[in-house]
Amino acid sequence: MAETSYLPSRLRRLFLPFILTIAAVLLFAGYLCMSGLAEALSLSSAPNASLQSVQLFYGALPRVIVALAAGGLLGLATTLMQQGLGNPLAEPGTIGLLSTSRLTVAVALIWLPAFAGGFVLPVLAGSLFGLVILLGLSWRRKLSPLFLILNGLVLGLVCDAVTSMLILTHYEDIADLLLWQSGSLVQDNWQVARLLSVCLAAVSIITILLRKPLSLLDLDDTAARSLGLSPMMARLAAIGLATVAAAAVTAHVGLLAFVGLAGAALARICGARGFADRAMFSALLSAALLLLTDQTMQIAEMVMAIPAGTVTALFAAPLLLYLLHSGRIQQQTERAFDLHVPHRIVPTRSILLGLTAVFVFAILLALMVGRAPQGFTWATANEFSQLLPWRWPRVTAALAAGGMVALAGCLMQRMTGNHLASPELIGVSSGATLVMLPVIFFLPPLSRSQTMLVAAIGALLFLLIALRLARRSQYAPEKLLLTGLAITALSGSLLSSAIYFGDIRLTRLIGWLSGSTYAVTAADAMIALGLLAAAVAVLPLIQRWLGLMPLGEPVAAALGVEIRLARLCIIILVALLTGVSTVMIGPVTFVGLVIPHLVRLMGLRKPLAQTTGCVLAGATLMIVSDWIGRTIAFPWDIPAGLVASVVGAMVYGITTSRSSR
Amino acid sequence: MRLPISRRNILEAALAAPFVMLSGRYPHAQSPNPGSPQRLVSLDLLITELLLTLGEGPVAVANIPLYRRLVASPALPESVEDLGPLNEPNLEFLQSLAPTRVLVADWQAPGLMPLMRIAPVLPIKVFAGRTPALEHCETLLSDMAELTGRKMEAKTAITATNAAIDAARSTLSGFSRPVYICRFNRDGRNIALFGGNGMLGDVANRLNLRNAYKGRVNGAGVTNAPLSRLADEPDAVIVHFDRGAETDVALGRLEESALWHALPAVRKGRVVRMPVIYPSGGLRSADRFATQIGTQLAKFADG
């Protein structure tokens with residue numbers, strides 16, 4: 001899409017950050033007048049003067065600096081990360097380091113309550129630890145971006161699963177974690193402001209010094225190498241720098257979701273192209289966005305304190321959606337990744353047979369073996385009839401949900417050609433989650449079927465919105481993904497506000513978000529199983545689309561695929577599969593995101609083989625996870641979705657290390 | 001994670017298991033313990049506290065460690081079984097315990113449909129909503145007394161709490177300052193403020209204390225706020241809860257804070273640290289809170 005610009009383009013691009021900053025400054029002035037802090041500026045000798053001047057000079061002013069510095073750092077970190085990983089959806093959280101630091105904070109809070117180092121040391125330790133693990137895992141693959149992202153995603157999901165478990169079990173000990181992760185910018189001295197400013201200056205200088213080698217990462221590895229660059233070292237520098245910047249912010253003010261990503265996306269939309277340009281504009285835009293958000297919240301604080309981190313997405317996401325759909329976006333050139341997986345000698349059929357055998361074994365195990373206070377027990381014929389009504393709906397639901405989500409993930413990744421695409425990005429799960437919030441906190445308690453109906457309506461509503469937004473661009477994957485990301489961020493933002501304000505009822509929400517088969521009924525399970533069967537029956541009909549679409553739109557269209565129709569059909573299928581499983585047992589991100597990669601690493605690559613393999617592997621993983629969750633910590637039931645992340649990660653680790661030999 | 005099972009639990013269960021299995025398809029049809037007419041199970045902290053206040057020990061409750069940490073008094077007998085998570089108690093284990101009735105909070109109920117196949121499930125409205133928390137607790141306690149046939153115990157408990165509140169109010173007759181009831185967060189920049197109709201806010205109202213925080217609170221009567229909120233009422237006394245190591249860390253941080261030292265209450269030494277109370281607790285918790293705050297604030301009685 002060509003842009004017609006009348007002004008010199010860089011000047012024109014400064015327009016948006018400039019407007020945002022002006023708005024924020026006006027808000028700040030308004031706050032000073034309304035709270036009476038402005039009087040402290042004139043050094044009057046009113047009786048309250050000392051308290052007010054302390055509030056102004058140690059509270060309000062450093063808060064402005066912290067917002068600017070933290071926003072700038074996050075914008076830089078995100079651009080660096082996107083450059084290092086070559087994916088426009090990447091951000092500091094993508095490679096899992098924020099999740100590792102969240103986990104270390106939770107662990108420190110629970111087991112070292114007297115530890116006075118605050119959050120800084122745990123966060124730094126967590127980030128460092130995560131980075132070491134990640135680099136160790138990806139080193140043998142020469143830090144190929146795809147493996148960095150995949151390993152990072154797996155690492156992040158596992159850490160998040162463990163953290164959720166800790167929140168569920170130690171709800172009361174962890175109140176500080178909930179506060180920290182909501183990202184409050186409230187200050188009472190200059191220490192954080194000074195530290196973050198120094199950090200911002202240092203990261204900016206290093207980025208400027210390294211801008212040449214970093215820009216070369218836009219090329220593919222062979223081209224970069226022929227220009228005398230070691231892509232591995234450049235990538236390492238970008239990721240390391242991004243990690244340091246993000247960890248500094250996270251350690252001192254908590255998780256500020258979406259700020260960096262919004263800044264980077266807006267910078268692209270506003271026309272920043274080269275790396276240096278993008279870095280500068282994304283830092284400026286992120287800083288302005290965060291300042292605007294925080295100043296608004298500071299004014300709202302007189303009524304109710306809401307930390308900036310929980311609402312940044314509320315400000316940034318609509319802006320992003322608007323710009324995205326006002327037709328000013330430029331086509332992005334996706335770089336295709338080669339998986340470099342050596343061809344295996346094992347034929348497809350034996351792999352599928354092996355998967356089926358494991359699948360059947362898992363079903364038998366889950367139905368027959370249980371745990372009572374005296375230990376593991378085989379169900380005898382007598383007990384079996386009594387225990388079966390408890391067990392079969394759970395097993396069936398786990399099977400259906402695992403199969404559906406893994407299939408949806410596989411379809412989504414094949415359609416978009418992006419390895420980060422997960423079925424949630426269509427907005428269906430976020431929609432269900434969004435309507436679950438008022439249902440749990442404000443409405444009188446509903447029955448399970450009513451709750452499911454409400455969640456289904458939410459999912460449908462958001463699907464319609466996503467389709468409506470995507471229609472104008474012929475359901476183009478890039479827009480669909482960015483739209484999905486914005487909607488997911490919006491729902492995540494409301495979710496973290498709910499967690500921030502919530503009482504003990506939020507444990508039910510977290511339980512639902514963790515993917516639990518606890519409350520499924522026989523009817524739910526049968527419906528889901530029927531839908532899965534129907535979806536599998538459709539697969540042979542769309543296998544040609546699935547085979548051609550990853551090659552990119554021009555190639556697929558040239559070979560006779562009706563792109564628009566194919567995309568619409570696949571989106572609807574994905575939405576159905578994701579929607580039903582989300583409504584039934586909650587979102588199970590890990591299965592949708594990682595199983596397709598796992599199956600491909602096993603050697604199943606043809607469309608039909610990969611999709612079938614995904615259904616089998618996803619179903620097996622969920623059944624086994626549900627069984628483990630039921631027995632491992634008796635009498636504690638651990639949600640299947642959480643166990644699936646941990647078990648899936650282990651399988652993933654084994655598969656990658658074997659296939660890299 | 002430590003498994004909350006003792007060797008004794010396992011032995012007891014192992015001894016009981018054959019009988020449970022003998023008892024056929026619907027084990028709750030016959031109670032293995034004929035001494036007690038009711039085999040109640042509670043899945044909510046407030047319900048557990050109220051049951052124990054009535055002297056009606058449940059057979060099993062969910063998440064025993066959480067109860068011991070948050071509520072603590074009345075103490076939970078050692079014989080009570082742990083069912084695991086509040087919202088997802090272990091079903092197969094629960095079935096083997098053969099309860100006659102399961103008491104759950106109403107917000108938990110939609111997720112607990114499978115329990116109905118084991119025993120009747122009674123959802124109880126634990127969040128007070130617009131009613132003041134104490135009044136709501138008294139209603140709940142009377143309802144439960146009806147259920148368990150322990151009306152005398154309920155009456156005694158209600159009278160005792162009211163007496164404790166009356167006593168504390170008379171101790172505080174000379175006290176007229178506004179009060180912040182709060183908990184300091186570890187970061188030394190944010191606090192949790194209690195107020196509104198929640199249990200702590202309601203006890204404060206009954207003591208004729210002026211709550212210095214008048215803003216909105218969540219369903220449990222608490223909200224997060226920045227430290228500077230404590231500057232709104234210069235005359236106030238700050239009452240904060242002692243959560244052990246966490247509070248030590250927070251106070252360490254506050255010592256370095258310019259804003260903290262600029263607060264009038266801090267400069268004049270009007271800061272009170274008191275043992276923690278479960279903010280959504282029942283009558284016993286209210287009783288303890290009233291007595292504590294009465295004794296502590298009496299020191300500032302002459303205004």
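Which helix and which strand of chain B have the lowest and the highest confidence? In this predicted model, helix α1 (residues 7-22) of chain B is lowest, at a mean of 47, and strand β1 (residues 40-42) of chain B is highest, at 94. Local features here need pLDDT of at least 70, side-chain atom pairs count only at pLDDT 80 or more, and totals for chains, interfaces and linings use all residues. Residues are numbered from 1 along each chain as its sequence is written, while chains are lettered from A and ligands numbered from 1 in the order in which they are written.

Figure 1. Please take care with residues 13-35 of chain B, where the pLDDT is below 50. Beyond near neighbours in sequence, this stretch has 25 contacts in the model; two residues are in contact if their C-beta atoms, placed from the backbone, lie within 7 Å. Where pLDDT is low, the predicted coordinates should not be read in detail. For the complex, the predictor gives an ipTM of 0.77 and a pTM of 0.81.

**Figure 2. The overall build of chain A.** You will find 27 helices and two strands in chain A; helices (H or I, at least four residues) and strands (E, at least two) are DSSP runs, numbered from the N terminus. The C-alpha atoms of chain A fill a box of roughly 85 × 60 × 45 Å along the principal axes. Of the 661 residues in chain A, 56% are buried, a word used if 20 or more other C-beta atoms lie within 10 Å of a residue's own, with exposed for 12 or fewer and partly exposed in between, C-beta atoms being placed from the backbone.

Figure 3. The domain assignment, automatic or from a database, gives domain 1 (9-92 + 176-227 + 239-325) and domain 2 (348-659) of chain A. Their centres, taken over C-alpha atoms, are separated by 35 Å. Across the boundary, 18 residues of domain 1 of chain A are in contact with 18 residues of domain 2 of chain A. Helix α15 (residues 308-325) of chain A gives the most to the domain 1 side, with nine residues.

**Figure 4. The contact between chains A and B.** Chain A brings 57 residues to this contact and chain B brings 60 residues. On the side of chain A that touches chain B, the largest share, six residues, comes from α4(A).

**Figure 5. Inside the largest nonpolar core.** This core has 321 residues; such a core is a set of buried Ala, Val, Leu, Ile, Met, Phe, Trp, Tyr and Cys residues joined through C-beta atoms within 7 Å. Its largest share, 15 residues, comes from α17(A). Among the residues with the most contacts inside the core are A:L73, A:L196, A:A245 and B:Y180. Not counting residues up to four places away in sequence, the residues that A:L73 touches include A:L196, A:C199 and A:A245.

Figure 6. Look for A:D218 in the loop between α10 (211-216) and α11 (221-226) of chain A. A:D218 is partly exposed because 15 other C-beta atoms lie within 10 Å.

Technical notes:
pLDDT = per-residue confidence, 0-100.
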